[in-house]
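Here's a quick briefing to read with the structure open beside you.

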Amino acid sequence: MSRSINLDQKLEYKGYWFLPSAPDNKVAGILTYYPNEKIVLELIGCFSNSLSELFEHKEESVIYGSTSDAKLITLLQCFQYSSVNFNADFPIVRYNCNYLFIGKYLNSLDEKCHYRARFRIPELTSWCHPGALNTTILFDKDDNTAIQTSISFNTKYGGNDNIITEVCIDETTSIQIKKGVSYDGTAQYLKPQLEQYTYVDIIKHNETSIEELLGNICLFEQFISLATLNLAKSSDITLFDEEIYQQGEKGKYYREIHLIHPFVERMNIGKQIKSANFLFQYLTIKDIYPTIIKNWFNAPIELYPIRLHLITSLEKKTIYSSVDFLIIIQAVEGFWWRFRDEPYQRKAISKGSNTSLCTILNELMAEFNDISILRTCDMNIKAIVDSRHYYSHFLPLSKKPNKLEGWPLIKEAKKLRILLMCCVLSFIGFENSQIDLIFNKTNFKLN
């Protein structure tokens with residue numbers, strides 16, 4: 001795997017910067033990426049000779065740069081703010097930028113090229129063990145003690161040698177989970193660095209945009225978030241353009257295009273990853289993984305907000321509020337109204353009447369009654385219904401006497417989240433028996 005840029009590390013580039021419309025008007029400056037916070041370009045001077053424009057909140061859709069180490073830089077969605085000292089001969093102009101690309105001049109996120117994407121997620125290696133290192137132990141013939149241990153790995157890249165699994169999501173997209181090894185024995189030869197890891201390639205079979213690739217990456221991150229019960233985000237994203245390569249003796253070498261974006265939701269990255277607390281691992285679903293991941297990517301748009309609410313509810317917090325409860329209960333209700341109410345109404349005795357929340361919860365609990373963790377969680381449906389209406393509409397307490405708050409509300413929210421997990425897992429192809437097995441095998445705790 002090519003060398004990546006870690007999104008958790010500060011970056012700084014010095015160089016000349018210019019607008020695509022005026023390539024000869026280059027301005028010196030420094031570009032700084034602050035992990036999970038912002039991308040700031042500071043110019044010593046400005047692109048315009050108009051003093052009045054320095055005090056305007058201008059937006060430049062694209063800024064190009066050429067750095068001191070000969071890197072091509074593209075900055076997208078750049079917002080200007082300036083400072084002027086009238087005793088100085090030049091202003092200092094700053095831009096906050098949303099996207100930074102290293103390795104190519106781009107026009108926009110929706111510009112289509114023959115791209116493919118490669119990215120790593122910290123949780124992914126624990127979720128799907130790479131198995132890229134081979135350990136060989138040589139034993140003494142006389143006393144059967146180990147006398148030599150060898151660790152080896154395949155140095156051949158390309159082909160299918162490092163593919164763990166590949167799934168064609170649709171006619172245009174394939175997702176490969178791959179194994180890789182990082183070895184550095186030169187810088188510290190007394191302490192060589194050796195790491196095996198798992199990463200993902202998204203292969204596009206026709207022209208695509210970076211915006212579309214980011215959407216694919218986000219969907220895979222959400223899947224890993226559900227599987228690991230953590231908000232999983234990429235630690236690096238690398239793009240490859242089929243038109244940007246060097247021809248070598250053994251074929252084409254595609255140059256990396258690194259994508260940097262201040263993902264503020266990555267603030268909890270760096271936490272300790274405990275695979276024992278995952279909902280399920282790759283080996284648990286290996287046989288059905290192709291079906292599950294295809295269903296996850298091809299789910300109807302009606303599932304999107306429900307799935308997003310579920311992922312949002314996985315965030316680890318020190319303080320929980322009624323809003324966290326509402327996120328989950330609204331997703332459960334939404335799942336019912338979009339995917340269960342119509343067939344329920346066809347067999348209901350009182351046709352046409354609105355299905356009550358109490359009925360919704362009872363029906364969904366009955367649908368997943370053979371999942372032991374749900375069957376034994378003793379959900380307080382009356383309190384959940386009162387709490388839902390009380391916190392949604394701020395009704396007088398006297399009208400909803402069973403409403404909960406504090407820890408009792410959090411406990412019911414956790415039970416509801418299990419129900420929501422069952423709904424989503426079932427929708428993407430898990431049988432109830434498989435869902436039950438997942439909950440029984442994991443260390444997932446209700447309390």
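In this predicted model, a polar atom of the Trp-17 side chain sits 3.1 Å from the backbone oxygen of Gly-29. That contact is a handy place to start, and the rest of the picture around Trp-17 comes next.

**Around Trp-17**
- Trp-17 belongs to strand 1, which covers residues 11-19.
- Its relative accessibility is 0%, so Trp-17 counts as buried, the cut-off being under 20%.
- Ala-28 lies 11 residues away from Trp-17 in sequence, yet their C-alpha atoms are 6.2 Å apart in space.

**A nonpolar surface patch**
- Ile-151, Tyr-183 and Leu-194 make up a nonpolar patch on the surface, and together they have about 300 Å² of accessible area.
- Ile-151 comes from strand 10, residues 146-153.

- Across the protein chain the mean pLDDT is 88, with 89% of residues at 70 or more.

**Helix 11 and what follows**
- Helix 11 takes in 22 residues, 406-427, and at 1.5 Å a residue it should span 32 Å.
- After helix 11 comes Gly-429, with a positive phi near 120°.

Note on methods: Residues numbered from 1 in each chain as written. Predicted model: local features only at pLDDT ≥ 70, side-chain atom pairs only at ≥ 80, totals over all residues. Heavy atoms only, no water. Patch = residues over 30% accessible without salt bridge, like charges linked within 9 Å, V, L, I, M, F, W, Y side chains within 5 Å. Areas by Shrake-Rupley, 256 points an atom, 1.4 Å probe, with all protein chains shown as cover. Salt bridge = Lys/Arg side-chain N within 4 Å of Asp/Glu carboxyl O. Helix = DSSP H or I, 4+ residues; strand = E, 2+ residues; numbered from the N terminus. pLDDT = per-residue confidence, 0-100. Expected span 1.5 Å × (residues − 1). Buried < 20%, exposed > 50% of the residue type's maximum accessible area, 1.4 Å probe, protein only. Polar contact = N/O pair within 3.5 Å; in protein donor to acceptor, adjacent residues only side chain to side chain.
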